[in-house]
Amino acid sequence: MKITQQFKKNNRTFSFEFFPPKDEISAVDFGINVGQLMKLDPSFVSVTYGAGGSNQERTFGLVDYLQNRIGLNTMAHYTCVGSDSEKVRKDMTLLRDLHVDNLMLLRGDPPKGSEGFTAPENGFSHANELITFVREAFDFTVGAAAYPEKHPESPHLEHDIAMLLKKCSAGADFLITQFFFDNAAYFEFADLARKAGIDCRIIPGIIPITNYRQIKRYADMTAASFPSELLAKLEENQDNPERIYQIGIDHAIRQCVDLLESGAPGLHFYTLNKSRAAVEVFESLPRMVR
C-alpha cells in the first residue's frame with residue numbers, strides 16, 4: 001500500500017526503521033525484534049543500507065522478505081551512491097516487481113575514506129535529481145530526508161530549507177526527519193519549511209537513547225544537539241548502562257507525547273535493529289495521542 005493512501009485514512013502514522021543483519025546471529029536477533037514490532041501494527045517499516053551504498057543486495061532481500069513474506073508495508077531506502085542512471089532504472093524495476101510501493105530517496109553518504117560526495121558518471125549529485133528521475137519513469141510514493149538542525153554539509157538552515165524545497169518540488173510526497181532530542185528544533189524547522197512553501201507531511205524521527213557513547217557518536221555525525229539537562233544526566237551516568245537506558249526511555253516518551261500533542265503527524269523510530277526500546281516507548285504513549 002502506498003504510504004500516501006495511509007495519509008488519507010490516518011492523521012498519524014507510526015513507523016520503524018531497520019537495516020539488514022550482518023551475520024547469522026544478528027539475523028536471529030533481527031527476527032525476534034521484527035516479531036515484537038509486528039504486534040504494534042506499524043503503518044510501515046523502512047529498510048536502509050550501509051554508508052557508500054553497501055549491503056544493497058541484502059537490503060533488497062530484506063525488503064522482499066518483509067513486504068512479501070511477513071506482510072509489512074515496506075519502504076526501501078535508495079541512494080545516489082555508486083549508481084548511474086541505467087542502474088537506477090534497473091533497480092527501480094526490480095523493486096516495482098517486488099511489489100514495493102514506497103521509496104526513501106536520498107543522496108547518501110560517501111564511501112568510507114572519501115573526502116566528499118562525488119556523483120558517478122551519468123549519475124546524480126543530489127537527492128532532488130534522483131527523485132526527478134524516478135518520478136518521471138515510475139509510480140512510487142517517495143519519501144525524502146529532512147534535517148531539523150540542518151544537514152552537516154549545509155552552511156546554514158535557510159540553505160538547507162532551500163535544498164529541501166527542491167526535493168519536494170521534484171516530487172517527494174512526504175519527509176522524515178533525522179533524529180533530534182529537542183522538540184523545539186523540530187517545530188521551528190517545520191515552521192520555516194511551511195513558510196518556504198513546503199506543505200507535505202514532515203514526520204519526526206525518534207531514536208531512544210540506550211547506549212550513550214553510541215548515540216553521542218551518531219549525534220556528532222548528524223549535528224544533533226542534546227538539551228543541556230538531558231546531556232548532564234547522560235554524562236553523569238555514562239558508566240551505568242541500566243540508568244542510561246531508563247534516562248533515554250523516559251526522555252523519548254516525553255518527547256513523543258509532546259510531539260503528538262503539539263500536532264506532529266506521527267513518529268518514525270530509528271530502532272538500530274533493537275526493538276525493546278522502541279516497543280517500550282510506543283506502548284507507553286497514552287492511547288489518546290496514539
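Visitor: Which residue is the bridge partner of Gly205 in β8?

Guide: Strands (E, at least two residues) are DSSP runs, numbered from the N terminus, as are helices (H or I, at least four). Two strands pair if DSSP finds at least two bridges between them. In β8, Gly205 has His268 as its bridge partner. This is a predicted model: local features need pLDDT of at least 70, side-chain atom pairs count only at pLDDT 80 or more, and totals for chains, interfaces and linings use all residues. Residues are numbered from 1 along each chain as its sequence is written, and side-chain values use heavy atoms, leaving out hydrogens and water.

Visitor: In which sense do β7 and β8 pair?

Guide: Parallel, over 2 bridges; β7 covers residues 201–206. Strand β1 (residues 13–18) also pairs with β8 in the parallel sense, over 5 bridges. There, Phe16 stands opposite Phe269.

Visitor: How many residues of β8 are buried?

Guide: Buried means under 20% relative accessible area, with a 1.4 Å probe and protein chains only. In β8 (residues 266–270), 5 of 5 residues are buried. Gly266, His268 and Tyr270 point one way, Leu267 and Phe269 the other.

Visitor: At what angle do α6 and α7 pack?

Guide: Axes are lines fitted to C-alpha atoms over the stretch in contact, and angles run from 0 to 180 degrees between N-to-C directions. Helix α6 (residues 157–170) and helix α7 (residues 183–195) pack at about 55°, with axes 10 Å apart. So α6 is oblique to α7: not under 35 degrees (roughly parallel), over 145 (roughly antiparallel) or 65 to 115 (roughly perpendicular).

Technical notes. Buried means under 20% relative accessible area, exposed over 50%, partly exposed in between (1.4 Å probe, protein chains only).
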